[in-house]
Structures are given as structure tokens and as C-alpha cells.
Amino acid sequence: MAIGLQIELEEIDRKIVLRIDGRIDASTSPVLERKINQLVEETHSHLLLDFNRVDYLSSAGMRVLLAATKKMKAKSGDLIIFYL
């Protein structure tokens, strides 16, 4: 994992929860992008991103989220971002 970002995976009822901890910026967004792309290629169609421990989101991170949303929409899936 990149310095400043940790991603934990949990599967709940065929939905994948990514618990993200740290900063999502130009240096760490490729880590998140690779993980999401890997899950999409593995045919997961429901991804939930837990932003509870994200303390910064740059425009590079927003680009990753937009691209992931488009990929999930193309396969009739869901990308849900939540913060509790």
C-alpha cells in the first residue's frame, strides 16, 4: 500500500465494502484506482466505499471516483460512498 492510504476489504451479502483510511491525493489515488479496477474485473457489481476515515480527497481522487462510477454504471452495478 502507498504511504498515507490503507484499504481494507470486507464482503457482506455479495457486496464489497472498501474501508479507506488516510488521504486520497495524487500520490495515493492510483492505489485506490487499481483496487477498484481489480474488483470490477473480478465481476463485483456492488462496491461500497467507507469514507469514515478519509481525511482528505483531492481532485485526483475525485477523478478516480468518477471513472469508477462510470465503470459500475456500464455494468449495471452500484458504487456507493458513505460516511458515518
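**View 1. H44 sits in the loop between α1 (29-41) and β3 (46-57).** The model shown is predicted. H44 has a relative accessible area of 18%. It is therefore buried, as the cut-off is under 20%. Leaving aside neighbours within four places in sequence, H44 is in contact with I16, L39, M72 and K75. L79 lies 35 residues from H44 along the chain. The C-alpha atoms of H44 and L79 are separated by 10 Å.

**View 2. D25 lies in the loop between β2 (15-24) and α1.** D25 has a relative accessibility of 14%. That value is under 20%, so D25 counts as buried.

**View 3. R23 lies over the face of Y56.** The distance from R23 to the ring centre is 4.1 Å. As for aromatic pairs, a search of the whole structure finds 0.

**View 4. The largest cavity has a lining that includes residues of α1 and α2 (59-74).** The structure holds 1 cavity of 30 Å³ or more. The volume of the largest cavity is about 40 Å³. Its lining is made up of E33, I36, N37, V64, A67, A68 and K71. Each of the two helices, α1 and α2, supplies at least two lining residues. α2 gives the most, with 4 residues. By type, the lining divides into 4 nonpolar, 1 polar and 2 charged residues.

Key
Residues are numbered from 1 along each chain as its sequence is written. This is a predicted model: local features need pLDDT of at least 70, side-chain atom pairs count only at pLDDT 80 or more; totals for chains, interfaces and linings use all residues. Side-chain values use heavy atoms; hydrogens and water are left out. Rings of Phe, Tyr and Trp (its six-membered ring) pair if their centres lie within 6.5 Å; planes under 30 degrees apart count as stacked, over 60 as edge-to-face and the rest as tilted. A charge sits over a ring if NZ of Lys or CZ of Arg is within 6 Å of the ring centre and within 35 degrees of the ring normal. Buried means under 20% relative accessible area, exposed over 50%, partly exposed in between (1.4 Å probe, protein chains only). Contact means heavy atoms within 4.5 Å. On a 1 Å grid over the protein atoms alone, a cavity is a set of points where a 1.4 Å probe fits but cannot get out, and a pocket is an open set with protein on both sides within 12 Å along at least five of seven lines; lining residues have an atom within 4 Å of a point. Grid points are joined across faces, edges and corners, and a volume is the space filled by probe spheres set on the points. Ala, Val, Leu, Ile, Met, Phe, Trp, Tyr, Cys and Pro count as nonpolar, Asp, Glu, Lys and Arg as charged, and the others, Gly among them, as polar.
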